[in-house]
Amino acid sequence: MSVPELPEPPERPDRAYGAPEGETEAERRRRRSRFLRELAEARALRDRVQPRRAKAARLRHAMRMRTFRW
């Protein structure tokens, strides 16, 4: 049984994730920052809309942090 040939990996790994051609590191960081900001905003909105679920999530997170060993 022979091993199938794997395709060559892309020269730059960011190409595999849909980054535009010719994007600089600064542009990538800016795009990532915007994404993380929008994600935090969406979480805050969800917390306002579903306070009971948000409280349960906060309590679960606190419990995880309390039981985490450094």
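Arginine 29 is partly exposed at a relative accessible area of 47%, where partly exposed lies between buried (under 20% relative accessible area) and exposed (over 50%), with a 1.4 Å probe and protein chains only. The model is predicted, so that local features need pLDDT of at least 70 and side-chain atom pairs count only at pLDDT 80 or more, while totals for chains, interfaces and linings use all residues. Residues are numbered from 1 along each chain as its sequence is written, and side-chain values use heavy atoms, with hydrogens and water left out.

The chain contains 2 helices and 0 strands, assigned as DSSP runs (helices H or I, at least four residues; strands E, at least two) and numbered from the N terminus. Of the 70 residues in the chain, 6% are buried. Helix α2 (residues 51-67) is hardly covered, with 1 buried residue among its 17.

The whole structure holds 3 salt bridges, each defined by a side-chain nitrogen of Lys or Arg within 4 Å of a carboxyl oxygen of Asp or Glu. An α-helix has 3.6 residues a turn, so residues three or four places apart point the same way. Glutamate 25 is partly exposed at 44%, as is arginine 28 at 29%.

A salt bridge also joins glutamate 23 and arginine 31 (2.8 Å, N to O). Glutamate 23 is buried at 10% relative accessibility, whereas arginine 31 is partly exposed at 34%.
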